[in-house]
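Take a moment with the sequence and the 3D view, then read on.

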Amino acid sequence: MSGGSAAAARAAAAGRPVPGPVVVGPEDHRYDELVRGDNYRFVGRPDHIELVSSTGQVADALERALAAGKRVAVRSGGHCGEAFVADPAVEVVIDLSLMSQVYHDPELGAVAIEAGATVGHVYKTLYRNWGVTLPAGVCTAVGAGGHITGGGYGPLSRMHGLVADHLYAVEVVHVAACGTVRTVVATREPDDPNRALWWAHTGGGGGNFGIVTRFWMRSPGASGTDPAQLLPKPPGALLIAMVNWSWEQCDLPAFTRLIGNFMAWHVEHSGVGSPYAGLFASLWVRHRSGGDLTMYVQMDATAPDASDRLEEFLAAVDEGVGAQPFVFRTRLPWLTGVRYMGQGDSGPVLGARSKSKAAYLRDVHTEEQIASLYRSFTSEDYFGRESLMMLNGYGGAINAVAPTDTSSAQRDSVIKAAYSAAWSDPAEDDLHIAWVRGLYAGLYADTGGVPVSGARTDGSYINYPDIDLADPEQNTSGVPWHQLYYKDNYAALQVVKATWDPRDVFHHDLSVRLPSFGPAQPVRSTNRAAESPMTFSTDHIPDRYDFERMYVGDADAPPVQPWDIGRPQPALVAVHETGLITGDVLDVGCGLGDNAAFLASKGHRVTAVDVSGTAVDEARRRAAARGVEVEFVVGDATRLSGLEARFDTVVDSACFHALAQDERLRYLEVLHDACRPGARLHMFCFAEELEAPFPGPHRHSAQSLREVVGTVWDVVSVEAATYASSLGAEDVVAMIKAEYPESRIGVEGIDGLALDEFGNATMPVWHVTAERRG
């Protein structure tokens, strides 16, 4: 299933040729239509748009673009709120909208959905053919490619989870380290070697790892060959209610009660297995100049006591508000009811321009937060006919899934909130963007203007992208944008990025970054069959290392010290540039002192410790040559004394992974004692999850580092980074042959070996950031 699409195969079998790709350039009358998506604020100027009809055509289009040195972006439905595809730097857009087939695939025992299919088309096809559905959204024009990869949710998610929770497999056209375009199918099967790529597409967002051409959907636990049994069945009918409160009747107390009631109900009734899981509500608060407050509700009409439960909900939301709402009720067949709440493709028709933001909510807003919303929505100096907030019911079955089981990390929220402004006049851009930014900043003023994970909020939703979260002027929380979107799953997403898009072919303003702080170029290999870096046995790795012997250079020492790069580690330099290394610094396991000298040159008072006297002697010489002062100490880092409560920052650049297991906790405790309250630890440690292109010492998983470091320090983050070495490609081969004499590998066999700008190999590491406890 890893070649061209099944649709192409069926067409060929029927004697019908698959339509060739449609290439539209600036001279074509269709160009102006195709350089825009749903948000008319952004208009691209690519060399051409290529509308493809099969996976094979996607691969061909990508190969041509790469051969020409063109930057590529991919589009399915075109509903991205930011300029990820319409970026002026994008030179080729690969458009998947012609790939819209939905069909049963007996080979994988799942329903296949091509990435260009819209949500509305998926709904109709699934329901009319097999009576099943997916818990997808209400905007029927959204493309499956973006919707599913970002997690995807909708009115049935409280009953059936996220759309991505039903993803069985994904087909991805990607670019290998050697530059070859490849197509791979990744499934959720535990023994699938590509499983991490599947995982990344269950909430990691689009435009990150390759071009998704197909999804296969099958609910967990579903079995058999009947497609009618592979996905959830929707309710036979829906009870629909629409409730409207006019602004004339909603003063601040009424508004506070209404918002508070809606949120409080969801806090109480959004647990896993709630009898109200079949009820979905969306509260729309429009700016006073453009409308009123409207709540749309649907209830599974077949659920026990459905009518009574709906009425109980309506009464709970309206209790004590004091206004007299207009209430409309009806009963509709399910598919008709979906379209009742649905939003069509009106954005492009109206030439709409928009700006959106989002948040996951865990609890009721404070009164001050609600008052801030009231001020924004009733401001008299602003006119926003299409400016609104949507509070959408969440939780239920969504929260039955663990945060790390998929890449959709937010799994205990009860409401998903969206804040947006839409308009059509380009002259009003600044006005409306300022309004929605002001609303968001005021609402989350206590957490730096963004919904930092805490008691009430849990970050934001990548399918409602907002580049302001990466702007330090808009996000003053100190919490990076990727933590708000992906939480602790980001480091694992970086590993997937490095494995499947090591050249960073697919990138945009909020894309998953490569685990590197500097450019790395892959070795071009003639071994095209190699799909991933080599793995190496670690049975021979000693429990303890004799570093003095290594530095002296006796017969057993390696001819080249891999860590002697003659300059500070680029990853450490990058951390310093972010301002996260402050005050007096302890450099532990300093080796030849290049990091210590760099930090001293930046004005820090540095104490550097290493167990090897030979290394420290050379480190003193290098520091003197650079004209900086460093206090060097020869000593065992696990048994330091006389340095208590002296430091504001500790730097461990590849020391921890050289320690024996029984030394690690004592080491962390010694570092803790050496620090002042509020001190920060930066540790770089070889990563277990990402297979390395050459052998090394003990490697650790992100989870094990969190657990071990977390016993002594408060772990802030574990993120992927790159550790530079002094080894050229031939040195790597020599090291492999020295440690594994039976190996016959040559440079051409190490497909995936990445070289930095100096032509030296790099190694994946975890960057652990932790704060002193107590």
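This is a predicted model: local features need pLDDT of at least 70, side-chain atom pairs count only at pLDDT 80 or more; totals for chains, interfaces and linings use all residues.

Residues are numbered from 1 along each chain as its sequence is written, and side-chain values use heavy atoms, with hydrogens and water left out.

**Cavities**
- Rolling a probe the size of a water molecule over the atoms shows where empty space is left.
- A cavity is a set of points on a 1 Å grid over the protein atoms alone where a 1.4 Å probe fits but cannot get out, and lining residues have an atom within 4 Å of a point.
- Volume here means the space filled by probe spheres set on the points, with grid points joined across faces, edges and corners.
- The structure has eight cavities of 30 Å³ or more.
- Residues lining the second largest cavity include Ile113, Leu134, His147 and Val163.
- Helices α4 (119-130) and α5 (144-149) each give at least two residues to that lining, and α5 has the largest share, with three.

**The whole chain**
- The chain has 22 helices and 25 strands, which are DSSP runs numbered from the N terminus (helices: H or I, at least four residues; strands: E, at least two).
- Of its 774 residues, 59% are buried (under 20% relative accessible area, with a 1.4 Å probe and protein chains only).

**Strand β4 and its partners**
- In β4 (residues 92-95), Val92 and Ile94 point one way and Val93 and Asp95 the other, and all are buried.
- β4 pairs in parallel with β2 (residues 48-51) over four bridges; strands pair if DSSP finds at least two bridges between them.
- His48 is the bridge partner of Val92.
- β3 (residues 72-75) also runs parallel to β4, joined by four bridges, and Val74 sits opposite Ile94.

**The seven-strand sheet**
- An open, antiparallel sheet runs in the order β13-β10-β12-β11-β15-β16-β14.
- β13 (326-333) and β14 (353-361) are at the edges with a single partner strand each, so one side of each has no neighbour in the sheet.
- From one strand to the next, the twist averages 15° (angles run from 0 to 180 degrees between N-to-C directions, and axes are lines fitted to C-alpha atoms, for helices over the stretch in contact).
- Inside this sheet, β11 (residues 279-286) and β12 (residues 293-300) pair antiparallel over seven bridges, with Leu283 partnering Met295.

Notes:
Buried means under 20% relative accessible area, exposed over 50%, partly exposed in between (1.4 Å probe, protein chains only). On a 1 Å grid over the protein atoms alone, a cavity is a set of points where a 1.4 Å probe fits but cannot get out, and a pocket is an open set with protein on both sides within 12 Å along at least five of seven lines; lining residues have an atom within 4 Å of a point.
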